[in-house]
Each structure stands twice: as C-alpha cells, then as structure tokens.
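Thank you for making time for this today. I would like to walk you through one structure, slowly, and I will bring it up on the screen now.

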Amino acid sequence: MNAHATAAEAAIAALADGQSPPPWPTLTGETQRLLVNNRVAVAVAAGTDAGALDEARDLAWVTNVRSLASATRTSRALAAAGVRHVVVKGPALGLRLHGDAFLRPSADVDVVTAPKDESRAATVLAALGLAREAEHGTLYWRRFLGEAHFGPGDGRNAPVDLHLVLPHPSGRRRALASAVLSRAVPQRVGSTTLPVPDPIDDLLLHAAYLAKSAARFEPAGGAMLDAAAAARRLGPDRLQEARRRATSLGLSGALSLALDPGRAATRARLLAQVLTGTLGRAASAVLACDGAGEALRALAFEAGRKAAQAAAHRGWF
Amino acid sequence: MEDAETYARAGAALGRLWAGGYDLLNVDDGTTYRLEGTAARLWEVLQAPATAANLASVLIDGFGAPPEMAARDVASFLSALAAAGLVESA
C-alpha cells in the first residue's frame, strides 16, 4: 500500500472519529495545482505524476464523504423547518451529471434559499452548530458574492454556504435563484431526497458559472465539463426550452458559450492575449452578456464589486 | 440466503474505484468501507443484480476456489454487506 492510500485511510478514520480531515498543507504542491486549476482530466492526458493524481482522488473521497453526509443532514433539517431550498454543486451534482460523487473534492455544502427564508435558515444551521462567519455579513459578501459561510466545520459537519442570489454574467440575480427554487426537483441520495435544480436549470446554472469563470480569467474546466454533461442530458425539445428560459433570464450569451466550449476557449485565449487585468475581465464579461443593457450592468457590477471588496478589506462596511 | 434470491448494490451505497479495490460509503449513516481482492471483484459483479450462485461461480472460475468454500465465502460476503446496508435483495 502506498503512502497516499495510507494518508487517505488515516483521514477517513479521523472523520469517522469525528475529527477534522487533514489540512491542505499536507498535500503536495502538484496536487494543489491540479485541484485548484480543475485540471485533473487534462493532467491524465499530459502524463502528470500518478501519485499526485491518486492524492487528488483520495482528497475527493475524504472531503466528499463528509460533504455528502452534511448535505443530507442540512437538507433534512431545512425541510423539517419548512425552509424552501435547493442544494447546488458538490457531490450530489457529480452523482447526477457524471455518475460519480467523488469526481472533484467538495469541502462545503452549497444551499440556495429565498431572502425571506434567510433568518429561518440561519436558525436551522445554528441548531446544527454552524454560525455565520463575521466578515460574511459585509456588503461585499452579501451583495456582491451573494452568499454567507456558516461554520466552523469539523469532522462531522462541513461548512455551509448559504446563497440568496446566483452568479449571472451581468452580476448576480435574485431572479435566477427564484427560478431555480421554484422549479426544484428531487434527487435521491440514499434514503434522503435532496431538492436540486431541474435538468434545464442545471445547464443554465453551469452556463452562468462558466461565464463567471471566463469573465474573471479563472480556471473553467469544471464548469465546462458540468455544462456539457448537463446539456447531454437534455433532448432537442428540452434544449429548445433551455434556450427560451435562457432568453427570459438574460443567459443566452452564457448558454451559447456553454454549448460551444471550443469557441469559448478560443475566445478566452485570444482575449487573454490582448487584454489583461480589469479591462480584460470587463471585456470578457461584456461578451457573455445579452445586449448592451446587460453589458452596462456587468460593468457597473464589476466596479461596485471592486469598491466593496476594498472597503471590506479596510473593515469599513 | 436463498440460491435463487438476487442481490444488488443498495441505493445508499456510493463508491469509488482505486488501485487496490473499492472504497464504499453508506451515505445514510456515513460509514466507509474498503473492499480488496475477491471482495472487490464480487462488488464489480453486483453492478447488475446477481444470485449467490452467480457470485460463487466468479470465485470458482476466476480464483479456483473449491465450490463449498466459494458458497460459504459468498454467503459471508453478502451477509456482511447487507448488515452494512450496502447490498439488498433486488
């Protein structure tokens, strides 16, 4: 048995005993690079060191065991309190899109709820031992990141990210979160039924994540893969319905990117060669928007985000 | 366990393949397990519903196990995994 497998076993045993999983610094630099850049699949083709890949997969196992248990526990508690919610991203997404709950590591649980249910959701999370982290009450987190982290996690509970809005090429939209909530469908995970986005919303959400990643020059391999898998689940009729929904939600440009990742990658590469920094990010955001009005919103949002981020770092509000 | 009874992976069982076998999780109670060697091979067979006799034949044909030992080991395997909530009657 190699050292990686031993480390994973030790981590699993720690989690089973209610202790925290191993800290990130125990991972090799190569593994961190693979995980952070969402490049595991590319690394396989490129012949990356097998030990680093094993370590990355071991980490996905260890983190997702906890994340899955936390997702089902959190969702059951929210449902019992009558808090309407959907679980997005994470191992449940990997399971329904790729048939693999351990494809990528998931350190937390992402839950979307309506603003009117926020305080009740916070009460439920408090009963699970999770409290809103102080800095996540700032304008930057609430308005521009649109989420709050509830922690601390431990060996049993993963932290929970509570989202009131969802990413959109023009900024963040409550309308998108409301639409996803209103159309939630059940996903069986063991004996628990998790409310999750319906198949068309899964595609639109990942189109939005892809547009966000492209706009920020962030690694987008995971979002591309998820969008492709979500699109493959839809037949021609449902894909047509996805296009209609995308139009009504201002996501036509983002959906086009998701359905043609080759064009998206080429454009991103060309953009990166001529425009960098804030200007490049703004240009990329504009390209994913539906029309001039949305593009202006994107620019205003980006400017506001930068200002709020600076203010939050200075502890102003 | 009846010979004619068929068994399948339980809905609560999630897993991953690794170089030495399978790691399994009972998602309902959060318990993890590791299967190696012949147990990992039997788990692969359970991807589709199978009888105890089907499973025993894998041990006999693939590993040269004597029939009585194969039947006993399969019964023990199914009993342990059923208790862990990882297999169920199909």
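This is a predicted model: local features need pLDDT of at least 70, side-chain atom pairs count only at pLDDT 80 or more; totals for chains, interfaces and linings use all residues.

Staying in chain B, we come to Ala52(B), which lies in helix H2, residues 52-63. Because its relative accessibility is 13%, and the cut-off for buried is under 20%, Ala52(B) counts as buried. Ala52(B) and Ala71(B) are 19 residues apart in sequence, and their C-alpha atoms are 7.4 Å apart in space.

Now let us turn to chain A, which has 15 helices and nine strands. Of the 317 residues in chain A, 50% are buried. If we take the contacts in chain A between residues at least 6 apart in sequence, 68% of them join residues at least 24 apart.

Is Gln187(A) buried or exposed? Gln187(A) counts as buried, because its relative accessibility is 9%. The side chain of Gln187(A) makes a polar contact of 2.9 Å with the side chain of Arg96(A). Setting aside neighbours within four places in sequence, the residues in contact with Gln187(A) include Ala92(A), Leu95(A) and Arg96(A), and also Thr192(A) and Val196(A).

A second residue of chain A to look at carefully is Lys89(A), which sits in the loop between strand E1 (85-88) and helix H5 (90-98). Lys89(A) has a positive phi of about 60°, although it is not a glycine. As background, most residues other than glycine have a negative phi. Lys89(A) counts as partly exposed, because its relative accessibility is 32%.

Finally, let us consider how the chains meet. The contact takes 16 residues from chain A and 16 residues from chain B, and between them the chains bury about 1,300 Å², of which 63% is on carbon and sulfur atoms. How many salt bridges are found across this interface? There is one, and in it the side chains of Asp58(A) and Arg16(B) meet at 2.8 Å, N to O. Across the interface there are also two residue pairs in polar contact, both at pLDDT 80 or more.

On the side of chain A that touches chain B, the elements that give two or more residues are helix H1 (3-16) and helix H4 (50-80) of chain A. The most comes from H4(A), with five residues. By class, this side of chain A has 10 nonpolar, three polar and three charged residues.

That is where I will stop, and I am happy to go back to any part of the picture.

Technical notes:
Residues are numbered from 1 along each chain as its sequence is written. Chains are lettered from A and ligands numbered from 1 in the order in which they are written. Side-chain values use heavy atoms; hydrogens and water are left out. Contact means heavy atoms within 4.5 Å. Buried area is the accessible area (1.4 Å probe) that two parts lose on being put together, summed over both. A salt bridge is a side-chain nitrogen of Lys or Arg within 4 Å of a carboxyl oxygen of Asp or Glu. A polar contact is a pair of N or O atoms within 3.5 Å; within protein, one must be able to donate a hydrogen and the other to accept it, and residues adjacent in sequence count only if both atoms are side-chain atoms. Helices (H or I, at least four residues) and strands (E, at least two) are DSSP runs, numbered from the N terminus. Ala, Val, Leu, Ile, Met, Phe, Trp, Tyr, Cys and Pro count as nonpolar, Asp, Glu, Lys and Arg as charged, and the others, Gly among them, as polar. Buried means under 20% relative accessible area, exposed over 50%, partly exposed in between (1.4 Å probe, protein chains only).
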